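Hi everyone, thanks for coming. Let me put the model up on the screen, and then we can walk through it together.

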2 protein chains.
Amino acid sequence: MRGVAGQWLRDILLAMFQRPATTRAEILRATGLNPASASHALQHLLRCGAVLKIGALEPNGGRSPDLLRLNPDAAYFVAVDLESVPPRVALCSLGGEIRYRWPIHASQPGNLTVGDILEGIRAVVERCDPWQAQRVIAAGIAVPGIIDAAGRITAVNLGWRNLPVIEPLQQAGMPVFLDVDSRISVVAERTFGAARGCENFVYLEAGRGVGIGVFADGRHVGGRDGMAGEFGHMTIDPRAQDPCRCGKRGCLDAIASAPNIVRQYCEAARLADHRIATVGIQDVLGAARKGDAEALRVIGRAGMALGLGLSYLVHLFNPELIVVGGDLAEGMDLLRPHLQRQLETHALPEMAHGVRIVTSELGADMRLRGAAGIAFQRCVSDPVLLKKLCAPGAIRTGRLRSSRSVRGQPAARP
Amino acid sequence: MRGVAGQWLRDILLAMFQRPATTRAEILRATGLNPASASHALQHLLRCGAVLKIGALEPNGGRSPDLLRLNPDAAYFVAVDLESVPPRVALCSLGGEIRYRWPIHASQPGNLTVGDILEGIRAVVERCDPWQAQRVIAAGIAVPGIIDAAGRITAVNLGWRNLPVIEPLQQAGMPVFLDVDSRISVVAERTFGAARGCENFVYLEAGRGVGIGVFADGRHVGGRDGMAGEFGHMTIDPRAQDPCRCGKRGCLDAIASAPNIVRQYCEAARLADHRIATVGIQDVLGAARKGDAEALRVIGRAGMALGLGLSYLVHLFNPELIVVGGDLAEGMDLLRPHLQRQLETHALPEMAHGVRIVTSELGADMRLRGAAGIAFQRCVSDPVLLKKLCAPGAIRTGRLRSSRSVRGQPAARP
């Protein structure tokens, strides 16, 4: 990398990571680098194989501008999603594609340990061929909870309270980067999803729980402890009696999360006990679509509560876009009219005007892709890892690697 | 400035602006500059008179570290506050002190024009002695409304709708920087007030209206149109019938702003029409302190609504500090118990834990000081203005200027 500043490489790699394909001109605009520095750094990235020429655009006077993109097989990241049930681990390419994914099995049922995660990371690397294994640069982990300043995790769903993980994770054989799932989701939507290129948006996860990640003025909003966006446990209706798993009453989660929609439906429909355990959110959505009055009422109540909450988010964060993910995203046909009506009723027209509400298209892989994205971002900011990523001669170029060399579950959507 | 990078000067000036006094060591920590660059730039700033040595600390081994601060008379800014009634204009020193302030008189009563503001700015400069006038670098204006991408202002209180101001303000004879009052307040509290050095806080203005400015992760949260923090017109109680000036019902503003507290008190106390016009928020606060049941009930309702709103802010922004300003800050003895109770009831303990609620100490001058702060920040980021600010020989050093040379109302708090 003699003569090529690490910062130029970093800026170019970050800009290219957010684009499926790009040109020199677009890279110059996105990075603000001067043309000489950018050319110098791009030459290096092309030479070492981290960037590929994949074609050329129609010339607009002069010669055809090359189309460039990251070589997806120039590096791999291990991605871990601790929020999904069961937790999952995946091999992710530099292009953000998931090549393979596996569940992580708890050594003691219902009690996931850091050792189990280490085992999952090791299993991914072992399943690669030796050359691929060499190009696994780092791991990223999406954590459904709080990471304190000392790197201890509190995650209610995992039964973890102030669990120290930094030291044990040093045995992973690679750098491991952790982040909270709200930031991971925001990175995934901004890099690969509906919020690509968007500077102000909210990602709303509505499923097992209700939560948000906020991207404002081009940055994730973290707050004092990185806990900003605790949307689900806002008391959306102080008069409501719905008990919440947090101990309060009237939380948005207690009215509008998938399990609580199911609970309200079972209560309203007076189902026999043996039937309750078999009802899922899809059943309630299905019943509502068939005109079941109780299902419609319960979903209407959840939609009104979510919509009032969204009107608060629109006022406080002034986003241009709200991306809805999680199980409830599949019920947007039923929820959207309530969300829209609440926004019209409760948000100032100048705040609500032009705010788009869309459904996430990243599906269950979102947090895995976001975790790989976080690992990539951290790597290019670390001089040693950046050097490994861009080392000349280390990357096989030419035909993309066949995926046969990795054994495991193929990357079909789960 | 030969050999001294503008960026070094900017970083040092910004770091010193936020500190009443500082040392080389603290400047190094705050700026991350290398010691040679910082020394070089500091020498330049001392030589040109923008920075003064004001003493030395006790030596902690080695020689005594010099105490440094900005020379308050090295530059002046004109500050304009369009939110106060009447609007005000002030001369503000580089140290953030207000030297003089005057009201801006509308040429047609109740109809403030850009011409009136220009007249106000000109009057400030005319009242300076010639040398001082030379050192007036720029003006900052606090705007109570929205500034769109084309620089047009919409401000309901001023009766302005999409008013173009950028071009007319070019006649001010100096660069003029505009910003919305939420950002101005946040800059003032962070630079001169209770939030000094704080990376995550909310400034709550509760008086004529209810609004917030949010500082998260070391930056002001602006949003798509810079309108983030529209707290007052959130529907805090969807069942409430209180009409709001925005046209909705149940807004936080309609329940908890000073005029609406007065309205509710007058309605509850069934005051005769001729008395209503004479009642102010101080009267309601005074009556409550004497145990008047209606006043206590109305203030209790406002406190509960504000407290529920604060629980939302604590969840969504995860701040460490809430600074309360505006007329209602003087009623914090009455409001605080309601705010605390609502936070305890409606915020998760881990979110509410350690959040301090304090009263702003900047008083009515806050927006003037913030407007000067914004002008300063913009100036040091502009190479031409930075050069003017740091031009060798241009600044008289030695004894601070006598304020006799400026004619006008002395700087006592209004």
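A word on conventions before we start. This is a predicted model, where local features need pLDDT of at least 70, side-chain atom pairs count only at pLDDT 80 or more, and totals for chains, interfaces and linings use all residues. Residues are numbered from 1 along each chain as its sequence is written, while chains are lettered from A and ligands numbered from 1 in the order in which they are written.

So, how do the two chains relate? Chain A superposes on chain B by a rotation of 180° with 0.0 Å of shift along the axis, at an RMSD of 0.0 Å. The two copies are thus related as by a two-fold rotation axis.

Now the contact itself. Chain A gives 31 residues to it and chain B gives 31 residues; here, two residues are in contact if their C-beta atoms, placed from the backbone, lie within 7 Å. Which element brings the largest share on the side of chain A? That is helix H12 of chain A, residues 293–317, with six residues. Helices are DSSP runs of H or I with at least four residues, strands are runs of E with at least two, and both are numbered from the N terminus. By class, the side of chain A that touches chain B holds 15 nonpolar, ten polar and six charged residues. Nonpolar means Ala, Val, Leu, Ile, Met, Phe, Trp, Tyr, Cys and Pro, charged means Asp, Glu, Lys and Arg, and the others, Gly among them, are polar. And because 100% of the interface residues of chain A are also interface residues in chain B, the copies meet through the same surface.

On to the core. The largest nonpolar core has 250 residues, of which Phe77(A), Phe77(B) and Val80(B) touch the most other members. A core here is a set of buried Ala, Val, Leu, Ile, Met, Phe, Trp, Tyr and Cys residues joined through C-beta atoms within 7 Å. Buried means 20 or more other C-beta atoms within 10 Å of the residue's own, exposed means 12 or fewer, and partly exposed is in between, with C-beta atoms placed from the backbone. Beyond its neighbours within four places in sequence, Phe77(B) has contacts including Cys92(B), Ile137(B) and Phe376(B).

Chain A divides into domain 1 (6–70), domain 2 (73–186 + 364–405) and domain 3 (196–361), with bounds from an automatic or database domain assignment. The C-alpha centres of domains 1 and 3 of chain A are 41 Å apart.

Next, some strands. E6 (residues 136–143) and E10 of chain A run parallel, joined by five bridges, and Val143(A) faces Val180(A) across the pair. In strand E10 (residues 176–180) of chain A, four of the five residues are buried.

Last, the two prolines. Pro65(A) sits in the loop between strands E1 (51–56) and E2 (66–70) of chain A. Is Pro65(A) buried or partly exposed? Pro65(A) is partly exposed, with 16 other C-beta atoms within 10 Å. Pro259(A), in helix H9 (residues 258–268) of chain A, is partly exposed too, with 16 such atoms within 10 Å.

Note on methods:
Copies are superposed by least squares on the C-alpha atoms of residues with pLDDT of at least 70 in both. Two strands pair if DSSP finds at least two bridges between them.
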